[in-house]
Amino acid sequence: MRLFIFAIGGSGSRVLKSLAMLCAAGVKPVDPATGKPYAELEIVPLIVDPHQAGRDVKRTVELLEAYRKIYDTLHAGVREPSGFFSTKISTLASLMPAGQGGMRDSFLYNMTAVERLRFREFIEYNDLDESNQALMQMLFSDAQLHTSMHIGFVGSPNIGAVALNRFKDSEEFRAFGNLLGADDRIFFISSIFGGTGAAGFPIMVKNIRAAADSTLASRGYMRTAPLGALTLLPYFNIEHSKSSPINKADFLLKTRSALHYYSKSITAHDAPRQVDAIYYLGDRVTSSPYVNDPGEGGQQNAAHLVELIGALSPLHFLSTPARDLGRETLAFEFGLEKDSSTVDFMTLDPRTRAAIAAPLLKLHLLSLFLDHKLKDCIGRGFTKDSPTLGTEFLSTDFYLTLSHNFLPKYWDWLEEMDGNHRHVSFFDLENTGHLENILTSIPAKKGFLSGSRLSYDDIFSRLNAVSKKFNGKYPQSKLPAKLLHTFNLAVTQIIEERFPGIND
Amino acid sequence: MGAALLLTLLFVVLGGQIYPALYLGPVDMDGTQDLFREDLRSQGWTLHLSMLIAALPWLMAGLFYYFINSVHFDRWWNWLIVMGISTLLTTWCALKMLSSRMEDFQTGLSDFYAPCTEALAGWIALFAFFVFTIASFGMRWWSSNCRHTPFPQ
């Protein structure tokens with residue numbers, strides 16, 4: 001089954017980054033048909049942002065590319081149904097039959113037609129007759145008409161609404177329309193208080209639902225496919241800048257206007273089917289102020305708790321039975337167990353904690369183990385089991401991508417959330433040795449012989465025990481899959497024994 | 001495991017033939033070596049020696065692979081240390097046992113046979129080393145942390 005995600009604007013990219021982290025950790029939604037995690041889930045994200053050189057977009061694309069590379073190595077031939085990187089993340093182009101589509105193989109929606117132009121050129125202002133020019137002057141300010149769209153719609157949803165209406169004519173839309181299957185679902189991620197997301201979301205939903213009248217192969221499903229959306233309400237703060245069109249004071253006003261519009265259009269009870277489930281998420285405790293940069297580099301906002309929680313919404317949507325969708329729009333909100341400025345695993349409600357705590361702890365331990373112990377293990381224990389793991393493994397593309405590309409981004413993500421406001425402090429990030437104190441809120445239980453101490457050697461020893469069962473069961477080419485699979489099993493056992501409170 | 005046990009059993013069973021046939025240094029003129037060989041055989045000391053030389057290295061190997069079984073002690077030199085201890089311990093115990101049996105048989109006999117016993121000690125150490133190695137080969141498969149020590153599986 002596929003989930004097509006349209007991540008619109010900077011917030012969309014950032015939520016997608018958190019989603020990639022959760023998928024890397026092995027967080028999976030429950031298939032409502034079987035009551036078990038989806039065995040074969042494929043996420044197809046498309047980042048819709050005209051500001052493609054923006055730092056937030058770039059960081060997310062790099063992360064997704066690294067994820068895809070790791071996934072392809074791990075699951076070549078045999079697909080592991082659970083564990084690290086077990087959810088497939090694909091580009092639209094990679095799903096198209098060879099030679100069809102003509103799209104670049106990217107997670108980005110190609111907006112070169114838009115980004116090269118100023119808004120007045122895009123609407124061909126000079127070719128309009130006098131009365132239409134007057135209408136445009138009424139609808140858009142001079143500054144908006146002169147906005148160069150390669151830096152996005154910079155807080156102007158009225159520009160975005162016009163530009164993104166071209167989506168229905170794009171290669172990406174045609175590919176999506178031909179790929180959408182009967183069991184597939186669609187999800188939108190956007191913010192409501194900016195420009196690109198606020199404008200793009202309703203327009204694109206309407207484009208999809210209206211495509212039932214097109215010639216696309218999946219036009220029938222376009223009308224009926226379950227469609228969910230995460231709408232981010234204001235949650236971050238931004239430095240005041242007179243030269244920037246992005247202004248925090250406008251956030252609430254824009255939110256109110258957009259919510260009002262949504263209630264009359266895409267979530268209206270009496271309107272034709274548009275959005276089946278909508279997730280509203282925001283935070284009154286706003287973040288540390290971000291640098292206000294609408295220019296070339298664009299925003300690079302630190303990761304935030306709201307984005308992490310937001311990343312759970314597409315997974316929750318996938319777990320919602322189809323029978324509950326398709327009538328009135330379901331609306332969801334999220335609340336912390338207690339309103340605290342520092343968020344740890346115990347601050348989360350038990351259901352969320354059960355979904356993410358253990359997988360994130362496993363990913364964290366994996367990262368620490370690869371950094372601090374793997375080299376020392378080579379030539380001993382599990383590394384001598386077949387397929388053998390020698391020093392040459394440390395220079396493979398897989399290992400370099402995982403340990404030098406993906407996992408450093410994971411640490412940046414954690415550090416940014418930790419440094420933000422609210423502080424997200426799941427792990428003691430300074431602690432790279434005493435693993436028994438690695439969780440900020442849950443102390444480790446004493447071990448049988450080891451006392452309270454939990455060390456890399458305990459993981460190494462457990463890996464040795466688990467790896468024995470798989471000795472010779474994987475070919476040499478599947479060494480990365482064996483390593484991550486055995487690590488997942490080993491740390492699962494350790495977590496059950498030493499951190500039993502993590503799922504309470 | 002089966003092959004290792006079989007080899008050890010053969011060593012125990014054939015002990016009666018092995019020890020008397022061992023080289024114990026240049027042949028002495030007073031016939032002490034012949035007397036020593038004869039007593040080894042006739043007093044049943046060979047069986048006791050063989051059983052001890054078989055049991056202790058197996059026990060020490062078990063200690064290394066299943067009781068210690070630690071990632072802190074899984075390198076080839078760790079195995080070598082245990083092997084060394086096993087060899088010395090087995091030799092010491094075997095000589096102690098032999099000396100005790102001799103004294104039980106006849107007071108002062110251990111002093112009389114001292115040159116032969118010293119020569120035998122080298123052989124006992126060699127046997128203990130081989131038995132420890134065979135035992136290691138035989139039992140390491142199921143050790144979680146040391147199954148590749150000192151030889152990869």
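Reader: What distance separates the centres of domain 1 and domain 2 of chain A?

Author: In this predicted model, the centres taken over C-alpha atoms are 33 Å apart. Domain 1 of chain A covers 2-334, and domain 2 covers 350-503.

Reader: How many residues of each domain are in contact?

Author: Start with the general idea. The size of an interface is often given as the accessible area lost when the parts come together. Here we count residues instead. Domain 1 of chain A gives 26 residues, and domain 2 of chain A gives 28.

Reader: Which elements give two or more residues to the domain 1 side?

Author: Three helices of chain A do: H1 (9-25), H2 (55-74) and H13. H2(A) has the largest share, with seven residues.

Reader: How do the residues on that side divide by class?

Author: On the side of domain 1 that touches domain 2 in chain A, 17 are nonpolar, six are polar and three are charged.

Reader: Take H13(A). Is this helix mostly covered or mostly uncovered?

Author: Mostly covered. Of its 15 residues, 13 are buried. A residue counts as buried if 20 or more other C-beta atoms lie within 10 Å of its own.

Reader: What does H13 of chain A span from first C-alpha to last?

Author: Compare the span with the one expected at 1.5 Å a residue. H13 of chain A runs over residues 305-319 and reaches 22 Å, close to the expected 21 Å.

Reader: Now the two chains. How many residues does each give to the contact?

Author: Chain A gives nine residues and chain B gives eight. The chain B side has two nonpolar, four polar and two charged residues.

Terms used:
Residues numbered from 1 in each chain as written. Chains lettered and ligands numbered in written order. Predicted model: local features only at pLDDT ≥ 70, side-chain atom pairs only at ≥ 80, totals over all residues. Contact = placed C-beta atoms within 7 Å. Nonpolar A, V, L, I, M, F, W, Y, C, P; charged D, E, K, R; others polar. Helix = DSSP H or I, 4+ residues; strand = E, 2+ residues; numbered from the N terminus. Expected span 1.5 Å × (residues − 1). Buried ≥ 20, exposed ≤ 12 C-beta atoms within 10 Å, placed from the backbone. Domains from an automatic or database assignment.
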